[in-house]
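Subject: Structure handover

Hello,

Here is the structure I promised to pass on. Please open it alongside this message, and my notes follow below.

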Amino acid sequence: MGGQACVFYGAAEFSRDVDLLILAESQNLASLRAGLEALEAELIAVPDFEERHLLRGHGVHFRCRRGDVAGLRIDLMASLRGVPGFEELWARRTTIEVEGEPVDLLGMEDLVRAKKTQRDKDWPMIRRLVEQSYFGQSGSATQELVRFWLRELRTPELLMEVAAAHPDLARAEATSRPAVRAALLPRLDDVVEALEAEEREERRKDREYWAPLKRELEEIRHDRRKKEDFEA
């Protein structure tokens, strides 16, 4: 669901870890534990690898020690801000084949939504992902794909280009996206301003989402230190 997924979609990003979105159910977690043990993966931060933490929205972080994957970090999450639950995401996943093995990725639109965080590095990646989709499929685009571009393009000139080519669809999307309204006029400066406002709002939402989870992590760290001090 992270940088490796972006690489598979053609929006290359240097990534030294693997971020996985998982189904947090007891049987699946047991299978994951077995896999992590085979990789000699050690927990490297709070919280512990427990269903309740995953369902709450926390990430669980491991570092692999087995020789062929030594140093590889694996981050697990079971829910993401701004996207549906696992079952719905799984139903519309993208599956590709790598060296004869199937690899399941978040669908492109879900990956874009998941990348709308407060982190600076995620916003250029969103732009590249949607650009890659546009340049790769603009000659044979379905209406659904055009709507995706209208909802998610972050390149002002391309958004204006799509709005001009598909005015009816653009007018429908303009009711919920000010950047598309500006693209229909078309006013480049207004499109840029609307896209910047979108980003600021998503960053704000992400900060608000993580604030209580960060407080919980601090409490977990505090409790762990108390326990370690007592045992010492």
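Which residues do ring pairs link into a cluster? They are Y134, F135 and W149. Keep in mind that this is a predicted model.

**Aromatic rings**

A search of the whole structure gives five aromatic pairs. Take F49 and F62 as one of them. Their ring centres are 5.6 Å apart and the planes stand at 85°, so this pair is edge-to-face. The two residues are 13 apart in the chain, and the pair links distant parts of it. F49 sits in the loop between strand 2 (41–43) and helix 3 (51–56). F62 belongs to strand 3 (residues 60–64).

The cut-off for buried is under 20%.

R33 lies over the face of its ring, 4.7 Å from the centre. Elsewhere, R93 lies over the face of W90, at 3.8 Å from the ring centre.

Four strands make an open sheet, in the order 1-4-3-2, with mixed pairing. Strand 1 (17–21) and strand 2 are at the edges. Each of them has a single partner strand, so one side of each is left without a neighbour in the sheet. On average, neighbouring strands of this sheet are turned by 25° against each other, direction ignored.

Here is how the strands pair, going across the sheet:

- Strand 1 and strand 4 (residues 73–77) run parallel and are joined by five bridges. In this pairing, L21 stands opposite M77 of strand 4.
- Strand 3 and strand 4 run antiparallel, with four bridges between them. F62 stands opposite I74 in strand 4.
- Strand 2 and strand 3 are also antiparallel, joined by three bridges. E42 stands opposite R63 in strand 3.

**Nonpolar cores**

The largest nonpolar core holds 44 residues. Which of them touch the most other members? They are L80, L106, L129, W149, L150 and L159. W149 is also part of the ring cluster with Y134 and F135. Helix 6 (residues 122–137) supplies the largest share of this core, six residues.

Look at L129 in particular. Leaving out residues up to four places away in sequence, L129 touches C6, Y9, A11, M108, L111 and V112.

Another core lies apart from the largest one. It has 15 residues, among them A41, V60, V69 and L76. As background, nonpolar side chains tend to be buried together in soluble globular proteins.

**A buried glutamate**

E152 lies in helix 7 (residues 143–152). Buried or exposed? E152 counts as buried, at 5% relative accessibility.

**Backbone points to check**

- The bond from V46 to P47 is cis, with omega near 5°. P47 lies in the loop between strand 2 and helix 3. F49 is placed in that loop as well.
- The bond from L185 to P186 is cis, with omega near -15°. P186 is in the loop between helix 10 (178–184) and helix 11 (188–231).

Two glutamates have a positive phi, a value noted here in residues other than glycine.

- E40 has phi near 55°. E40 lies in the loop between helix 2 (26–38) and strand 2. With a relative accessible area of 43%, E40 is partly exposed.
- E99 has phi near 50°. E99 is found in the loop between strand 5 (94–98) and strand 6 (101–105). At 80% relative accessibility, E99 counts as exposed.

Best wishes

Methods:
Residues numbered from 1 in each chain as written. Predicted model: local features only at pLDDT ≥ 70, side-chain atom pairs only at ≥ 80, totals over all residues. Heavy atoms only, no water. Phe/Tyr/Trp six-rings, centres within 6.5 Å; stacked < 30°, edge-to-face > 60°. Lys NZ or Arg CZ within 6 Å of the ring centre and 35° of its normal. Pairing = 2+ DSSP bridges. Axes fitted to C-alpha atoms, helices over the stretch in contact; angles between N-to-C directions. Core = buried A, V, L, I, M, F, W, Y, C linked by side-chain atoms within 4.5 Å. Buried < 20%, exposed > 50% of the residue type's maximum accessible area, 1.4 Å probe, protein only. Contact = heavy atoms within 4.5 Å.
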